[in-house]
Amino acid sequence: MNTYPNAKRILVYGDSYTYGKIPGGSRYDSATRFTGVLQKELGEDFEVIEEGLRGRVISGEHPFFPHRDGLAQFDGIIGSHLPLDVVCLFLGTNDTNSGSTKSSDEIITAYDAYQASIEKWCEFHGCSIPKLIIITPPYIKEEESYKAFKDIFKGAQKKIFSLTEKIFYYSKHNNIQNYDARHIGVSDIDGVHLDISANRQIGEELAVAVRKI
């Protein structure tokens with residue numbers, strides 16, 4: 001918590017990337033997670049609020065893990081953290097799991113609902129609507145993912161190419177700030193998660209995107 005009353009408040013809402021899952025391990029400490037790097041880069045004039053849940057999907061339930069519906073959970077979370085200056089949505093990887101039956105276009109429509117939720121809660125609280133940053137997630141490495149997750153990401157390579165393209169263009173088409181993390185390399189250990197250097201890179205680059213708005 002940042003007690004400086006004029007600090008800009010940033011909510012990062014995401015999945016295991018935001019949670020800080022260590023490839024093949026448990027969880028990075030707060031200084032190593034990209035959210036911690038982001039906080040350090042931005043300094044005391046900003047407060048980064050971390051809301052990461054492993055397995056969280058953009059919308060709908062995860063077929064392998066319960067209680068992961070990102071859209072259903074978002075109302076309570078956005079309502080509890082307002083007022084905010086920036087909301088970062090960092091989701092999409094888990095929507096490419098082998099049990100997912102939604103098309104990329106169907107998944108993307110949930111972003112309209114996220115924006116509607118933000119507007120509804122801001123009206124309720126009587127506060128201004130925060131700026132939105134949609135983060136396009138990295139590509140995963142399907143072959144390496146079998147080592148840690150068996151068939152959970154079977155067929156995900158093709159899906160994530162399509163979904164990330166849709167996320168990127170949704171942001172551009174709707175004039176929403178986008179941080180495109182597709183150039184970030186994921187770990188060979190599990191084919192999905194981020195090593196320490198990737199966390200640092202995302203934190204530093206996201207800080208630049210935040211400062212732009």
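Predicted model: local features only at pLDDT ≥ 70, side-chain atom pairs only at ≥ 80, totals over all residues.
A pocket here is an open set of points, on a 1 Å grid over the protein atoms alone, where a 1.4 Å probe fits, with protein on both sides within 12 Å along at least five of seven lines, and lining residues have an atom within 4 Å of a point. Of the 14 residues lining the second largest pocket, Arg54, Gly55, Phe65, Asn94 and Phe149 are the closest to its centre.

The largest pocket holds about 290 Å³ of space and is likewise lined by 14 residues, with Lys131, Leu132, Asn175, Ile176 and Gln177 nearest its centre. Helix H5 (110–125), strand E4 (131–136), helix H7 (156–173) and strand E5 (177–180) each give two or more residues to this lining, and H5 gives the most, with three; helices (H or I, at least four residues) and strands (E, at least two) are DSSP runs, numbered from the N terminus.

Tyrosine 19 lies in helix H1 (residues 16–19) and touches Ser26, Arg27, Arg33, Gly52, Leu53 and Arg54, not counting residues up to four places away in sequence, where contact means heavy atoms within 4.5 Å.

Residues are numbered from 1 along each chain as its sequence is written, and side-chain values use heavy atoms, with hydrogens and water left out. Local features need pLDDT of at least 70, and side-chain atom pairs count only at pLDDT 80 or more, whereas totals for chains, interfaces and linings use all residues.

Notes. Points joined across faces, edges and corners; volume = space filled by probe spheres on them.
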